[in-house]
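Hi,

Here is the structure I promised to pass on to you. Have a look at it first, and then read on for what I found.

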Amino acid sequence: MKKILEEKITDLKNFQKTIYVYEKDTESLNFLKCFFKNRSDYSVVFMKSSASLNSAVSKKNDSVVALITGTSVSLEKINMQKINFPVIAMVTGNISEGINYLSTYNIDSYLIKPFYKEDLDHKINIAINNKSLVESVCTQKKDLETIIELTYLVSSTLDPTEVLYFVVRKIAEITEVTRCSIISIPLQEKSHAYVISTYENVKKAHIKLDLKKYPEIRKALATKNTVFIKDALKDPLLKEVRSIIAPLGIKSIVVIPIIFRHEVIGTLFLRTSRKSHTFTDKELRLFHSIANASTNALYNSFLYEKLNVEKLKLEKCAAKDYLTGIYNIRYFYGRLSEEFNRASRHKIPFACIMFDIDNFKKINDTYGHRTGDAVLREFAQYIRKHTRKCDIFARYGGDEFIMFLPQTSEEGALAEARRLRTAFNKYKFKSLVTKHRIAVSIGIASYPNKKVKKEDDIITLADNAMLLAKKKGKDSIAIFR
């Protein structure tokens with residue numbers, strides 16, 4: 001606390017301190033004018049009315065350190081609730097009545113007539129120290145609230161995007177910064193970084209940065225330590241990019257690695273900059289506190305996100321046929337059940353097409369099973385490429401394939417089957433060295449149909465129609481009626 005107070009007092013000495021004076025008593029006023037006449041360390045504003053004082057205190061002015069007033073002034077006309085700095089009173093007339101009057105307004109700093117310059121000087125110094133102490137406590141309270149809020153957020157969400165944006169937004173709220181962002185550098189990347197969160201725009205992310213233009217990030221990456229640039233135009237680290245920084249007017253830059261167990265998490269960095277003046281030690285400590293508070297949560301968030309990605313990959317693999325890359329029959333049955341319930345509930349038509357490659361056994365016997373597998377893979381990918389996105393195409397088993405066509409009538413399914421057969425007949429298989437022609441038999445079943453009472457029935461009817469197509473001489477289309 002002592003160190004923070006000393007820092008605050010030093011900050012106050014760096015700018016002109018202003019004192020408001022509102023006094024009606026002539027003798028007191030002359031004393032004050034004489035006191036401030038040769039004082040260069042204070043800027044004094046003499047108020048002529050309570051209205052002008054109320055107008056002044058309603059405007060935020062951090063340079064004001066005290067108000068000097070007198071018991072001759074009617075304090076009820078002053079908006080004391082808006083005065084956020086110490087008040088020093090000049091007691092004239094009846095001392096006992098004056099002190100009692102001041103106590104009703106919680107004013108406990110006063111001078112009693114006769115007035116002495118040393119006494120007033122001491123009271124002003126106390127007022128400055130009190131203001132500094134109050135501001136320090138308020139700032140600490142605000143910083144602590146930020147850390148608590150961040151800790152609560154990061155413990156209640158596993159969304160790294162939300163955590164990252166909260167970090168940059170909070171820093172931008174409590175400190176005056178030009179830019180504040182979280183930067184990520186993929187582990188295998190050495191030439192580029194990516195802005196993954198910025199307070200300027202929550203949706204503005206994945207901006208690519210050329211690391212040649214950011215030596216401060218390169219240094220933080222190499223050392224895993226905070227890089228603090230006090231003056232961007234004088235620091236030798238930024239010499240190579242000074243011509244780029246100069247037009248931006250950037251004064252100070254901070255880059256803080258976000259580290260977990262001695263490792264940079266996905267090489268994440270908090271980078272912030274400002275134009276007006278350099279960052280203070282207090283602000284740097286706050287940045288470090290925020291970065292440290294978010295570390296564990298970010299690690300958990302990214303771990304959770306990674307597990308979700310792996311889960312989606314596994315689910316995708318579980319839905320796909322390992323050989324052909326299209327959906328497997330397990331996934332097909334699940335979707336068919338959903339679509340059948342929807343169609344039967346809302347009286348929506350749909351159709352199923354069953355495909356069977358003619359004389360596929362001959363391909364295996366002639367060219368071998370590896371070539372046969374390649375033919376199945378090519379066939380599946382070709383048909384999938386030439387179907388609608390809403391159609392569900394899956395491998396039924398062996399050399400048989402099945403397609404579900406939602407909101408499609410029997411006529412529509414027949415037109416689709418003819419189109420696919422025509423396109424397929426023109427296709428030349430890369431897997432076959434010779435000009436071996438491959439034909440396919442196609443069976444169609446549609447809903448509504450009296451024989452389709454459950455989802456399995458449509459598959460049975462499509463299979464029966466496909467067997468009819470084979471009996472017709474193969475390379476043909478049959479409809480179950």
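Let me start with the chain as a whole. Of its 481 residues, 44% are buried. Please keep in mind that this is a predicted model. The chain holds 14 helices and 16 strands. Its accessible surface is about 26,600 Å², and carbon and sulfur atoms account for 53% of that. If you take the contacts between residues at least 6 apart in sequence, 65% of them join residues at least 24 apart.

Five strands form an open sheet in the order S2-S1-S3-S4-S5, and their pairing is parallel. Strand S2 (42-46) and strand S5 (110-112) are at the edges; each has a single partner strand, so one side of each has no neighbour in the sheet. On average, neighbouring strands here are turned by 20° against each other, direction ignored. Helix H3 (residues 50-58) packs on this sheet, where it touches strand S1 (17-22) and S3, and its direction makes about 155° with that of S1. Within the sheet, strand S3 (residues 64-70) and strand S4 (residues 87-91) run parallel and are joined by four bridges. Thr-69 has Ala-89 in S4 standing opposite.

Now to the interior. In soluble globular proteins, nonpolar side chains tend to be buried together. The largest nonpolar core in this model has 32 residues, and the members touching the most others are Phe-355, Phe-379, Phe-401 and Ile-444. Several elements supply at least two residues each to this core, among them strand S12 (350-357), helix H12 (369-385), strand S14 (400-406), helix H13 (410-425) and strand S15 (440-447). There is also a second, separate core of 21 residues, including Ile-392, Ala-445, Ile-458 and Met-466.

One residue I would like to point out is Val-440, which lies in strand S15. Why does Val-440 count as buried? Its relative accessibility is 2%, and buried means under 20%. Leaving aside residues up to four places away in sequence, Val-440 touches Phe-355, Asp-356, Ile-357, Asp-358, Phe-379, Phe-424, Asp-475 and Ser-476.

Best wishes

Notes. Residues are numbered from 1 along each chain as its sequence is written. This is a predicted model: local features need pLDDT of at least 70, side-chain atom pairs count only at pLDDT 80 or more; totals for chains, interfaces and linings use all residues. Side-chain values use heavy atoms; hydrogens and water are left out. A nonpolar core is a set of buried Ala, Val, Leu, Ile, Met, Phe, Trp, Tyr and Cys residues joined through side-chain atoms within 4.5 Å. Buried means under 20% relative accessible area, exposed over 50%, partly exposed in between (1.4 Å probe, protein chains only). Two strands pair if DSSP finds at least two bridges between them. Axes are lines fitted to C-alpha atoms, for helices over the stretch in contact, and angles run from 0 to 180 degrees between N-to-C directions. Contact means heavy atoms within 4.5 Å. Accessible areas come from the Shrake-Rupley method with a 1.4 Å probe; for residues, only the protein chains shown count as cover.
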